Structure formats: C-alpha cells, structure tokens
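The following exercises are to be worked with the sequence and the coordinates at hand. Each task is followed by a solution in steps.

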Amino acid sequence: MTAPLPMLDLKGVRKSFGAIEALKGIDLSVARQELVFIIGPSGSGKSTLLRCCNRLEEPTAGQVLFDGVDILSPGIDINETRRHIGMVFQSFNLYPHLTALGNVTLALRRVLKLPRDDANERGRAALDEVGLAERAHAWPNELSGGQQQRVAIARALALEPKVMLFDEPTSALDPELVGSVLDVMRAMRESGMTMLVVSHEMGFAREAADRVLFMDEGEVVEEGAPARIFEAPAHARTREFLRRVTGH
Amino acid sequence: MNRIAENFFDLAVMAKYLPSIIDGVWVTIHLAVLIVLSGLALGFVLAVVRAFQIRPVNWLIVLVVDVFRALPPIVIMIVFYFALPFVGISMSGFVVAWLSLTLVLASFAEEIFWTGILSVDRGQWEAARSTGLGFLQTLRDVVLPQAVRLTIPPLTNRTIVITKSTAIASVVAVQEILTQASAAQAFSANTTPLTMAAIAYLIIFFPLVVLSRWVESRFGWKR
C-alpha cells in the first residue's frame, strides 16, 4: 500500500539572492488537510519558502511538487497552477480601485472566465464564508484591517484552491482585529483545507496546527507536533527563539 | 491711456481681423485636439511596452523619450520642416507641428505613465499573479487602473503646456492664432490683433485648465 500523495512536496529547495542563500535545501511535505505552521526569526527564509510554493520566487534548485506535479518543470502552465494555490499576504494587497466583491471576482471572471452574474454569486458566497457578505460593495479603504484581510482570504477561497498559503496574515493587524482573521482560518481548517502558515501566532499554532516547523538561517532546524515543539524543543536555537517571542 | 486703447484695443482693427483670428482659433483647436489624442495614446503605448522589460526595446524608448524631452519644441519643428526635406521627407507645416508636439507630449506622457506603473505596489502584482492572472491581465486589470489615476494631475499639467505650444507652429507657417495675429499686426501696423490672440488663447485654454482641476478631483481617490 502506498501512502496518499502529499498536497505539497518540496524536495531540496534552494533559493539564493545574489551571494545570500535564503533557503539551504528544504524538504517539506504537506499532507492533504494538514495544517503546517512555520515559525522562526525574521530573515530565516520562512516567507521565501512559502513564496517558492507558487513560484512568486523561483527556487534556484530543487523540486516543488504540487499534487504530484513538479511546478518548476518547463512545460507547466503556472497561471493555471496558481489558481489552485491560494495565497494570503501580510499587507492584504487588496486592489484599491475595486470593491470587496470586485476584488473577489476579478480572477473568477478573468481566469475562470465566469460570466459576471456567476462570478458575483460565487464571490458573494466567498465573502459570506468570511463573514463579510454585507460589505460586498465596500471599498478596501472603508474596511478595517481585519476585514481587509478577510476579503483577501475570500479572494483566494473563491477560486476553490486545494491548498492555502498564509504569509504572516495577522502581523499587520491591530491586536483586537487578529481574532476575526484567526476565526476564519480555524473554520477553513475545520472544513478540511490544506494550509501552510507562516505566522507568529503561537497560541493559534498550538491549538490548530498538526505540525510546527522551526526555521532558522534558511534551514528547517526541527519539526514536530505543536506540543512537542513548544514544550520540549530539542534544539538550543528553537528554545532561544521561543523564549524571545513568548517572553519567558 | 488713449494710446493704450489705440494700440491694443482698436475696435476698427478688431472688427476687420476678427474673421482671420477665428480661422486661427479653429486651426489651433484642431491641432491641439489631435496632439492630445495622439500624444497621450502614443505615450501610453510606449509605457506599456516598457513594462515588458525587454532590455534593448527599453533602451531605445528611453533614448528617444529623453531626446524629445531635452529638445525645445521649436527646434524639433524647425528640423522637421526645414531639414527633413533634404533627405526626401517633406511634410506640410500642419503635419510638422502635429508630429513634433505629439512626439514631445508622448515622451513626457510615457515618463509619467511609467512612473505611475512603477509606483503601484509590488504586492498588487503578486496578489493578482497568485490568483492565476497573467502578466497582461494583471497590467490591464490591476496595475494600469491604479497607475492612470496617479498620473492624472501631472498628465493634465503637461498636456496643457504642450497644447499651448501650438503657438510655436507659427514658425512653420501654420495658420493658427498667433500666425494670423502676427500677420494682422503687420498689415494694420497696430498691436490690437495680439490682444485678440491673447483673448482667444484664454477662451480656449482657460476652460481646459478648469476642466483639468475637475478631472483631478474626480479621479483622485482616498487610500
């Protein structure tokens, strides 16, 4: 019996920016419906790793298998691939010239080529999922940071991706707005979405993650169940990092 | 006081030369409208081509644009009108004026549009590309709508400056307002036609300046 195909399978992924090697050969497998959390100090390569998963960064070497297909191979249609890989950014990156619904439906109309009515219907459903159905016609600047990030999540969800990448989704938010975004992520987790999350929300990691990776200086230092990583980190670097972020 | 009235506001001279000034007004409007349409369109196309980041093409665009921004429009017109016939290219004064100012406006507009494209946050490109939009779709649906809004104030200013330069077309014998006024001034030995020209320019360009203010406030949007 063979193990089920992982949703994401990174093999020996390296990324250099000039002389600086940001990723020094990363192996990471994310199973279907798994929530993998990546923690680590800034500059450790977490975001770069995430961005290699949909080729916003081109890895210098290695393989990125998405649903069994190497997305780095020359024949791949990267635009077709990307619509199955949702991404949420630290700075939301909503389109300021479009309403919430316009943000969510742009790719539905342009990439999936849905007629306007169908796109709107699906867009509204996605906004409803993040609790913002009634703000469909609001402009991004009329929304709070938490609402903007939820629209950004809806924009990714509307394409019905197979995996969602989160790049520090709550780092730019005021503390009182973090909860609303985490609630949405929790609901996605419960509905069985495969998620790869770079974040400093240790409480959320502890409660929701299947696995936590600690990265430092372009390498995965250690990984394991959240309880194991947070309560009994094996490496001094992990202990040092956790001590600094949790303030104990 | 009387001398000012005689020299600048002679009603008889005004009545006599009004028809030719009005002819000039139509030529100026005709020329200005053509320059705005073709100059902005060409500038926009050049900026979009530049966004593809094809090195040799971009060097060429930058070179041409810098040359036309550096040269005074009057020099360009004189070269086109008096020098190009020697290499077998002969154009009417009107075509020379149109082409010269179109190239100048396009050059400034290209730089303004390009700056607009650059000033759109990289995160906008990344968000759009991450949802599967291609380069061109991202440029058209996400980047350009934002870039164009940012460029409207500098663009309207530059457009007004260039369209006013149609007065320079008098050096290549285009029968626009200033040419007509100068001729009338010579015939009548009176400066009243120049007053008429000034009033004609105000009538044409003042509404344009007001319109540009409206356009700027209409298309600006709060972040």
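A salt bridge is counted where a side-chain nitrogen of Lys or Arg lies within 4 Å of a carboxyl oxygen of Asp or Glu. The model is predicted.

**Exercise 1. Apply the salt-bridge rule to the side chains of B:Glu126 and A:Arg51.**

Solution. Step one: the N to O distance between the side chains of B:Glu126 and A:Arg51 is 2.7 Å. Step two: the cut-off is 4 Å, and the pair therefore meets in a salt bridge. Step three: across the interface of chain B and chain A, the rule finds 2 salt bridges. Polar contacts there comprise 8 residue pairs, with both residues at pLDDT 80 or more.

**Exercise 2. Determine which helices of chain B each supply at least two residues to the side that touches chain A, and characterise that side.**

Solution. Step one: helix 6 (122–130) and helix 7 (135–164) of chain B each meet this condition. Step two: helix 6 of chain B gives the most, with 8 residues. Step three: by residue class, the side of chain B that touches chain A divides into 6 nonpolar, 8 polar and 8 charged residues.

**Exercise 3. State how much area chain B and chain A bury between them, and which residues of chain B lose the most.**

Solution. Step one: the contact draws 22 residues from chain B and 22 residues from chain A. Step two: about 1900 Å² is buried between the two chains, 54% of it on carbon and sulfur atoms. Step three: in chain B, the greatest losses to chain A fall on B:Glu126, B:Ser130 and B:Thr131, which together account for 27% of what that side buries.

**Exercise 4. Summarise the secondary structure and burial of chain B.**

Solution. Step one: chain B comprises 9 helices and 0 strands. Step two: of its 223 residues, 45% count as buried. Step three: among contacts in chain B between residues at least 6 apart in sequence, 77% join residues at least 24 apart. Step four: chain B exposes about 11600 Å², of which carbon and sulfur atoms supply 72%.

Conventions. Residues are numbered from 1 along each chain as its sequence is written. Chains are lettered from A and ligands numbered from 1 in the order in which they are written. This is a predicted model: local features need pLDDT of at least 70, side-chain atom pairs count only at pLDDT 80 or more; totals for chains, interfaces and linings use all residues. Side-chain values use heavy atoms; hydrogens and water are left out. Contact means heavy atoms within 4.5 Å. Buried area is the accessible area (1.4 Å probe) that two parts lose on being put together, summed over both. A polar contact is a pair of N or O atoms within 3.5 Å; within protein, one must be able to donate a hydrogen and the other to accept it, and residues adjacent in sequence count only if both atoms are side-chain atoms. Helices (H or I, at least four residues) and strands (E, at least two) are DSSP runs, numbered from the N terminus. Ala, Val, Leu, Ile, Met, Phe, Trp, Tyr, Cys and Pro count as nonpolar, Asp, Glu, Lys and Arg as charged, and the others, Gly among them, as polar. Buried means under 20% relative accessible area, exposed over 50%, partly exposed in between (1.4 Å probe, protein chains only). Accessible areas come from the Shrake-Rupley method with a 1.4 Å probe; for residues, only the protein chains shown count as cover.
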